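Could you walk me through this model, from its sheet to its core? I would like to have the cut-offs spelled out along the way.

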Amino acid sequence: MRTALSMAVIVAAISLWAMTASAAIVFSETFDGPDLPGSLTYSSSAHVAWSIDGGHRLFADYDGSGTGVTVTALTNQGFVAPAGLSAVYSLDTGTPTGISTGAYNIGMQLGDYTILFHPGYTDIPGALRIAGGFDLANTDMGFVPALGVMHHIDVATEMVSGGLAVDIAITGLGTDSLTHTFNYSFLDTTPGLGTGTFGGRRSGGGANVANDALFDNYQVQFVPEPSGIVLLVLATLAMTVLWRRKRLG
């Protein structure tokens with residue numbers, strides 16, 4: 001019996017590895033070239049110029065004029081996950097040091113959804129907000145995202161019986177010099193992925209030329225749903241035990 005259990009554990013581990021290995025990166029942009037990559041569509045504004053900075057990041061350079069200036073850099077590649085898979089959308093975003101706080105926000109555009117936060121903003125630390133079908137007012141992130149550094153956003157989406165399940169994780173350095181992760185999840189009964197776009201978003205204004213935004217490491221990945229992994233492991237264990245009993249019988 002101990003041998004059977006050991007075999008089951010080994011086979012289950014192999015199955016888990018196989019499921020993980022089956023995860024596929026279907027879109028990736030790291031901005032390594034000197035020119036703006038054609039994989040994205042850049043919205044235009046008289047007040048924001050797009051370029052690649054010296055750190056191989058996408059740079060939205062704001063000229064300090066206008067109010068409510070919104071720009072996006074989006075792709076529609078690899079947007080819809082096949083049945084049995086969930087989609088994880090990732091990007092890094094940040095702001096230069098010295099930017100004014102509260103007058104701007106940065107984050108992700110995901111279909112109809114905008115998922116935004118405010119680096120350096122202390123009145124409602126971070127002030128995460130969501131709009132576009134599912135609305136969340138400015139919400140305390142539990143830490144104040146630091147200026148002058150990049151923060152990582154992961155958004156996992158999965159179609160479930162009740163609609164679209166969305167899990168957001170934002171990880172970054174706080175003004176307290178500690179690394180934090182803020183998580184927020186919601187279920188949207190009327191999913192807003194219809195526009196088929198994903199990318200970075202910067203909005204806001206004010207007379208401050210440091211209201212700039214940086215983006216890097218765009219990625220879309222399809223991964224096996226957890227329920228599928230559990231079912232595979234259970235099935236593998238059952239088959240292993242039955243094989244062992246037949247062999248001993």
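This is a predicted model: local features need pLDDT of at least 70, side-chain atom pairs count only at pLDDT 80 or more; totals for chains, interfaces and linings use all residues.

Residues are numbered from 1 along each chain as its sequence is written, and side-chain values use heavy atoms, with hydrogens and water left out.

Seven strands make up an open sheet with antiparallel pairing, in the order 2-5-14-7-8-9-10. Its edges are strand 2 (41–42) and strand 10 (136–139), each of which pairs on one side only. Strands here are DSSP runs of E with at least two residues, numbered from the N terminus, and two strands pair if DSSP finds at least two bridges between them.

With strand 2 it pairs in the antiparallel sense over two bridges: Thr-41 has Leu-74 as its bridge partner, and Tyr-42 has Ala-73. Strand 5 is also joined to strand 14 (residues 198–204) by seven bridges, again antiparallel; here Thr-70 is partnered by Ser-203. Six of the seven residues in strand 5 are buried, where buried means under 20% relative accessible area with a 1.4 Å probe, counting protein chains only.

Next comes the core. The largest nonpolar core has 46 residues, and Leu-58, Phe-198 and Tyr-218 touch the most other members. Strand 15 (residues 213–224) supplies the largest share, five residues. Such a core is a set of buried Ala, Val, Leu, Ile, Met, Phe, Trp, Tyr and Cys residues joined through side-chain atoms within 4.5 Å. In soluble globular proteins, nonpolar side chains tend to be buried together. Not counting residues up to four places away in sequence, the residues that Leu-58 touches include Phe-31, Trp-50, Ala-73 and Tyr-218; contact means heavy atoms within 4.5 Å.

Ser-86, in strand 6 (residues 85–94), counts as buried because its relative accessible area is 7%. Leaving aside neighbours within four places in sequence, Ser-86 has contacts that include Thr-157, Gln-221 and Phe-222.

Phe-134 sits in the loop between strand 9 (128–131) and strand 10. Its relative accessible area is 17%, so Phe-134 is buried too. Beyond four places in sequence, Phe-134 touches Tyr-113, Tyr-184, Phe-186 and Asp-188. The C-alpha atoms of Phe-134 and Asp-188 are 6.4 Å apart, although 54 residues separate the two along the chain.

Technical notes: Helices (H or I, at least four residues) and strands (E, at least two) are DSSP runs, numbered from the N terminus. Buried means under 20% relative accessible area, exposed over 50%, partly exposed in between (1.4 Å probe, protein chains only).
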